[in-house]
Amino acid sequence: SNPCNYVTFNGEEAGWRIIGVFDNQIKLIRNESIGDYSWDTSASSVNNGYGINQWGDSEEYTGADLMKLLNPGYDNNMDSLYNNCRYDSSTRSTICDLESESSLVNNSLYWNRGAGNCYNNEKNAYTTCDFSSTGLTESAKTMIDKHTWNIGSNDGTTYTYNNIKANPFYQLERSNNNGKICTSGKYCNDSVNRTTTWEGYVGLMSPSDYGYAVGGEVRENCLSNTNLYNYNTNNCNSNDWLYKTSTFQWTMSPRADSSYACSLFSVYSDGYVYVGSANNEFSVQPALFLIPSISISGDGTPSDPFTLSAE
């Protein structure tokens, strides 16, 4: 439940941990959050301002807002920014003031170790953010692989949100199920084609990563008999090293829903995997794959973490 998988990376001593080895490549995740931000958000005319559950680029769509915060190539990303969002009980809707017609936002700030604006609510609401001390260093970037990530979804019928164990979820992430099965409604009016893979540098953990991170004596029972939706039972969450107490954590996986095109899987503060709307402000823990030619030394403990060097 607390394996010796600590890594010094990005100048952060024991600040990252190894999720696993996939096709001879090490997958890392930052042990602590870089902040709470929206996975995506949108204008009020698109999915009611709740965002789109497509992580990567797709035809004319450039990708999710959080993806553009974490990855290179979006230095000049601009959008209309809204602030002072509040609920109007008379109209039963959220109203936001237009702060700026066109401003830089989520523009590769984490990748560039910069500061600026980040999305943090529906209808393109934003806040200031600063990654000048937590963003990626030039040395760290040389070790990150441009990887093909699997972002397949549940099928919306056999597997919904409350009946998927870790291993079936692992298979679904590698399936051809995309994150949109709804066809109409105010939360499902975007025209973006969903993809089931994404090629890029920095992503997030997957639901199956979280599921397989359970350890101790409960591991076999949690993996074999417990749906991720029920990981707050059977001591699964308390023996899961990826679980952060009282924290809502983003995953990278979209959730196919009959009414919503903004739904995503996330780890809730009680330790179970449930649904989040893309505009929610949840914890962001960057994940990445290292290039294959990496040498490792150390014991992986917090006092003697693994250290990395490029061969």
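## The nonpolar core

The largest nonpolar core in this predicted model has 71 residues, and Phe-9, Leu-28 and Trp-55 are those with the most contacts inside it. Such a core is a set of buried Ala, Val, Leu, Ile, Met, Phe, Trp, Tyr and Cys residues joined through side-chain atoms within 4.5 Å. Buried means under 20% relative accessible area, with a 1.4 Å probe and protein chains only. In soluble globular proteins, nonpolar side chains tend to be buried together.

Let us look at Trp-55: its contacts (heavy atoms within 4.5 Å), not counting residues up to four places away in sequence, include Trp-39, Leu-66, Trp-198 and Met-252.

## The open sheet

Seven strands form an open sheet with mixed pairing, in the order S11-S16-S3-S2-S1-S18-S17. Strands S11 (202-203) and S17 (294-297) stand at the edges with a single partner strand each, so one side of each has no neighbour in the sheet. Strands are DSSP runs of E of at least two residues, helices runs of H or I of at least four, numbered from the N terminus; two strands pair if DSSP finds at least two bridges between them.

## A buried asparagine

Asn-107 lies in the loop between strand S6 (93-104) and helix H2 (109-112). Asn-107 counts as buried because its relative accessibility is 11%. Its side chain reaches the backbone oxygen of Asp-75 at 3.1 Å.

## About the model

Residues are numbered from 1 along each chain as its sequence is written, and side-chain values use heavy atoms, leaving out hydrogens and water. In this predicted model, local features need pLDDT of at least 70 and side-chain atom pairs count only at pLDDT 80 or more, while totals for chains, interfaces and linings use all residues.

Conventions:
Buried < 20%, exposed > 50% of the residue type's maximum accessible area, 1.4 Å probe, protein only. Polar contact = N/O pair within 3.5 Å; in protein donor to acceptor, adjacent residues only side chain to side chain.
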